[in-house]
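Me: Could you walk me through this structure? I'd like to learn how to read its features.

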Amino acid sequence: MTSEPEKINITVEFSGGLELLFSNQHHHKVTIPSHQQKTDEKSNTTQGPRTTIRDLVTYLCDEVMKDPRRDLFVLDGTVRPGILVLINDTDWELEGEDAYEIKEGDAVLFVSTLHGG
Amino acid sequence: MDMTSTHAVELLKKQIASHELQLDELKRQLAEAQSYQPEQQQQELHEPTFQPYSDPLAHDFAHGVAEDYMNEVLDVLSHQSVQSTLPNRWPLSQGEYRRYGRQLIMPEIGLQGQLKLKNASVLIIGVGGLGCPAASYLVGAGVGTLGLVDEDVVEESNLHRQILHSTARVGMSKVDSALVSLQSLNPNVKLVPHRGRLTPETAISTVRPYDIVLDCTDTPASRYLISDTCVLLGKPLVSASALRIDGQMMVLNNPPRPAGDLTGGPCYRCIFPKPPPPESVVTCGDGGILGPVVGVMGVLQALETIKVLTRTPSPGNEAPSSEPPTLLIFSAYTNPMFRSIRLRSRKAKCAACSPHATITPEALNSGSLDYVQFCGIVDPVNFLSPEERISAENYAKLRMEVNPYTGTEPDKNNHILVDVREKVQFEIGNIEGSVNIPFSNVSGLPVPKPNTSSVVSDNATWVSELRNTPEKPIFVVCQRGNDSQVVVKKLKELGLDNGGQRWIGDIKGGLVAWREKIDRDFPEYY
């Protein structure tokens, strides 16, 4: 048994049309646990690893996204091709991609590429 | 005369009218240029030349100065005068100094920058919402050569944003229409038309003569092709896109080092190694586009191009300095409207620009790389059975004529017509008596699991309203007859067909067919 995990507050933003999947809202204030929970074979939950972008994506799909068209956001367990993920205005490729551990106050931006011209 | 030849005649009339306008403009410019000429000649006369007896010094020369000294001085003076009429005395023509003066006096450009622009050749691929403003500013700025690639013809629905084209030139090829505008804007620029689509087979030979490329196209397939070609040929690429109220821009392959050199700028494939699923790609035709939004992005492409072409080597470094790669995001209805995102550098395993690159000039030239296949194609929606679909003509009969089978009088109220276009489109025009249930409301609704339908509460009022009239057949209509099929399927999943007792189907070809076959006055906005 452990106490409630610590919570962290972050902002999540959608752009390039992705906001249409999230109630047509660009900015979302999201509160998530700082650590994931681990359950052992005796059903005891302990504090697991820190919450990553991967966990955030799952959380957004389960808790924030109302639209059932999940495949327009995630594909094969990760953000679908054609979406850039930016952590504090920097390409997530420079920050460890979906293994990036989220910190209090982080700003995560999901941008869908546009093709019109 | 049939429809096509009538159309051709109309087209030719428009083109003749447009060319006549252009001819008038050229004649006016010629007259203007000719009226300048005597003025210039007069100015040349005013330049210092030796005129005997006109001043005291001349008097000395004529009367009191030794002849050899006088000849020497005269020789110097005459040399000066010869020099002043040499054509290459100044690197730009008088007209060019006047035309480019406002940018010439800026330290960012200066004479050297202007000469770099004059010696530069730029290729714009796509002469639409991005390409038109980009071309205007680059031709205005005085690039030496500008190539234009496009296969399309001007349509009326282009004119709100594609500012080089005109009402009179609807039906003309976009490249030719752009040539007319750009030629009159700045006759100093050499314009090179490339009428037709850029294909893997033509890409290398088309792009090779140019110094820098602007991607102003509108499909993922063309974006990958252009990026790959620029990497293979070592050309910087200014890439932009826009949709609805958003725009994005990146300067790629900048600096354009050879594949395998990780100090070169990232290419399109480094940023987007995999293409997006085709069903996630929305075109301006489907999603809409605000003119100034795409205009801003095209103007910014011209700006970045000017910056790349005129950049100077940084002190102590031979190679011109380059900004770290960024993605510029524009969003017209957020504050601030612009933000810049730091991008990754070249990807170590990039298929185009890494040491492990698999994309080669040979593969491109041979046509073995299928970019359209790579990016995928959305299959046309066609999953309803013929019994679930009705043609626009038959639906019209049902509304307006006596039913030949049942003998029932036509009645708009004996069925429900559901229009699933978004509200804003529904408000532009709709079939009388139709109810609007936007596609996004329907597709966003969770479908109850089988065997639990009896306990599922209808969490949308429109669902319960449809349930309240279980006897009326439901006809679903959308723009083209794709979304309507999805909705028919969904309504049945929601159990609204009462286990098959109520007919639910859609109108084939949607409102496009309705307009073509039944109601020519219906607004044509697509």
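This is a predicted model: local features need pLDDT of at least 70, side-chain atom pairs count only at pLDDT 80 or more; totals for chains, interfaces and linings use all residues.

Me: How many helices and strands does chain B have?

Reply: Helices (H or I, at least four residues) and strands (E, at least two) are DSSP runs, numbered from the N terminus. Chain B has 20 helices and 13 strands.

Me: Which strands form the open sheet?

Reply: Strands pair if DSSP finds at least two bridges between them. In chain B, the five strands run in the order β9-β13-β12-β10-β11, with parallel pairing. At the edges sit β9 (389-390) and β11 (435-436) of chain B, each pairing on one side only. Inside chain B, β10 (residues 416-419) and β12 (residues 474-477) pair in the parallel sense over four bridges. There, Leu417(B) stands opposite Phe475(B) in β12(B).

Me: And how many residues of chain B are in contact with chain A?

Reply: Contact means that C-beta atoms, placed from the backbone, lie within 7 Å. By that rule, 36 residues of chain B are in contact with 26 residues of chain A. On the chain B side, β5 (237-243), β6 (246-252), β7 (326-331) and β8 (338-342) each supply at least two residues.

Key. Residues are numbered from 1 along each chain as its sequence is written. Chains are lettered from A and ligands numbered from 1 in the order in which they are written. Two residues are in contact if their C-beta atoms, placed from the backbone, lie within 7 Å.
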